[in-house]
Amino acid sequence: MIIIDKLCYTSGLRYVNTMEKFVFSMLTLLICIISKSITVSVVVLLVTGFLTVGKGGVSLSRYLKFMTIPLVFLFLSTTAILVNISHAPLDAFAIPLGSYYLTGSFYGLLKGARLIFTALAGVSCLYFLSFSTPITDILEVLKRLHVPGLIIELMLLIYRHIFIMLHTASAITNAQHSRLGNKNIRIAKKSFAAMMSAVFILSVKRGGALYNAMEARCYNGRIRVLSEERPAKYSEILFIAGFELFLVYCSRR
Amino acid sequence: MTRKQKKLIAAISVFSVFFGIYPAANAMHIMEGYLPVSYCIAWGVLCLPFLVTGFMKIRRTLNENRRAITLLAMSGAFIFVISSLKIPSVTGSCSHMTGTGFGAILFGPCSVSILGVIVLVFQAILLAHGGLTTLGANTFSMAIAGPFVTYGIYRLCQKCRVNHMVSVFLGAALGDLFTYCVTSVQLSLAYPSEAGGITASTVKFLSVFAPTQIPLAVVEGLLTTAIVICLESFAKSELNLIGYKKEA
């Protein structure tokens, strides 16, 4: 149902040490948005793309398709940054509209181009993490970063509930579709509301049952899960350190 | 001024035609890597007091009643699911609800702030909506500002004895609109316009996102009302369990 969640379990990088993956993607992301340099972003795009597609085994077409998800936002807000409406024309372009100009400056264009590259590189870092690391592993990292136990507990339970709910929701939606539940907009809205409330009621019931089941197994406020120890390799640590230093060097130039 | 308005309307209609053929319109998550570092940190810090309050409140509830944890988890998942499912919309393109307004009406704005952060993390990692560096800004607009406005309007309408369903609709729709305004302001603070500064830039962001967000707010309001109607007629006991009371 959630494609990313399926892909990360079959990724070639699934069994690499989680902390390494987390540190790698977060450091790269930070260097990208601090430096805002086009060179750094292109390097990051290529490297994380190679890691996700080449090493991780996500198909290229699927990866590119995922890269288009944020494009609507990117396109709209960058347009809003590039185009100004003012009385005085700026240096790059100016389209007269009555007494006003739709206008932009070269500096603005450069800034916009930088922003697009930085944002895409940021997204590719995020994808590197989410295409290679299941949520349960990320929760382990959060635990080591001293996020309160209650939050982690909630996250684990929410993660579990999401799939139960999506399953129920898709079953109900199928049933509605086969009975012409989306014939027109009015009926489609009605069915959506009916479906969501049915999901709500079912999940409240399931939540109660889940608690009973957990309590029957001595739940005392903590769910203990076995985590596999996957030691970091020196070669990987060297690669990460080298790569980050290289990025810092690129951004200095 | 009227001329300016005409231009604005023309621009909006061009964009809405454009959006008629556009594949997807998400709720307004600021994408990964779009904000400068200083703004990421600033918005994150601004969220902290709300999150700490929410955390305390949740911990108190859990100390009183352990069972509430599955209910809370369920509500968080519900917010995620409601925001990840495609909703029927007017243009034929698919769009998503924010879901946090609905959460605020059912569970109260404080717990929604914590649930909202968790949901936003999951949305970033699992659906690629939003991002980890922009988590602070997105949390402020979607998990804090929106729900608080929704809840405020909802309670205010109840105090003034407005029809219950109307108050749910107004709360959800205006909360959604407010989220969109806050996001526009956040973007314009980070990227002020070269001609006209922050105000001009806010107007630009508002008008660029208006064609997707205004219909979406109305749809969100309608759907929230419909879901609340369904719940009130079928799930009285479950609603009482989560502490939702209809004040007549």
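Arg161(B) is exposed, since 10 other C-beta atoms lie within 10 Å of its own; here a residue counts as buried if 20 or more other C-beta atoms lie within 10 Å of its own, as exposed if 12 or fewer do, and as partly exposed in between, with the C-beta atoms placed from the backbone. The model is a predicted one, in which local features need pLDDT of at least 70 and side-chain atom pairs count only at pLDDT 80 or more, while totals for chains, interfaces and linings use all residues. Residues are numbered from 1 along each chain as its sequence is written, and chains are lettered from A and ligands numbered from 1 in the order in which they are written.

Arg161(B) is found in the loop between helix H6 (135-159) and helix H7 (164-190) of chain B, where helices (H or I, at least four residues) and strands (E, at least two) are DSSP runs numbered from the N terminus. Most residues other than glycine have a negative phi. Arg161(B) is not a glycine, yet its phi is positive, about 55°. A positive phi of about 65° is also found at Cys218(A), again not a glycine, and this residue sits in the loop between H9 and H10 of chain A. Cys218(A) counts as exposed because it has 6 C-beta neighbours inside 10 Å.

We can now look at chain B as a whole. Chain B contains 9 helices and 2 strands, and along the sequence they follow the pattern α-β-α-α-β-α-α-α-α-α-α. Of its 248 residues, 56% are buried. Two residues are said to be in contact if their C-beta atoms, placed from the backbone, lie within 7 Å; among the contacts in chain B with a separation of 6 or more, 73% are between residues 24 or more positions apart.

One helix of chain B shows what burial looks like along an element. H3(B) is mostly covered, with 17 of its 17 residues buried. The expected span of a helix is 1.5 Å times one less than its number of residues, so the 17 residues of H3(B) should span 24 Å, and this agrees with the 24 Å between its end C-alpha atoms. Ser83(B) belongs to this helix, which covers residues 68-84 of chain B, and Ser83(B) counts as buried because it has 25 C-beta neighbours inside 10 Å. Although Ser83(B) and Val119(B) are 36 residues apart along the chain, their C-alpha atoms are separated by 9.4 Å.

Chain A comes next, with 10 helices and 3 strands arranged along the sequence as α-α-α-α-α-β-β-β-α-α-α-α-α. Buried residues make up 31% of its 253 residues, and among its contacts between residues at least 6 apart in sequence, 70% join residues at least 24 apart. An automatic or database domain assignment, which is where the domain bounds come from, divides chain A into domain 1 (1-133 + 229-253) and domain 2 (148-222), and the centres of these two domains, taken over C-alpha atoms, are separated by 34 Å. The radius of gyration of chain A is 24 Å, whereas a compact globule of 253 residues would have one near 18 Å; this radius is taken over C-alpha atoms, and the globule rule is 2.2 Å times the number of residues to the power 0.38. Along the principal axes, the C-alpha atoms of chain A fill a box of roughly 70 × 60 × 35 Å.

Within chain A, helix H3 (residues 38-55) has 18 residues and reaches 25 Å from its first C-alpha to its last, close to the 26 Å expected. Val40(A), Ser41(A), Val44(A), Thr48(A), Leu51(A) and Thr52(A) are buried in this helix. Seen down the axis of H3(A), these buried residues fall within an arc of 105°, so they line one face of the helix, the arc being that of the directions from the helix axis to the C-beta atoms. They pack against helices H2 (18-35), H4 (60-67), H6 (106-132) and H10 (234-252) of chain A, while the face turned away from the buried side carries the exposed residues Leu46(A), Phe50(A) and Gly54(A). After H3(A) comes Gly57(A), with a positive phi near 85°.

Finally, the two chains meet in a contact that takes 65 residues from chain A and 60 residues from chain B. On the side of chain A that touches chain B, the largest share, 18 residues, comes from H9(A).
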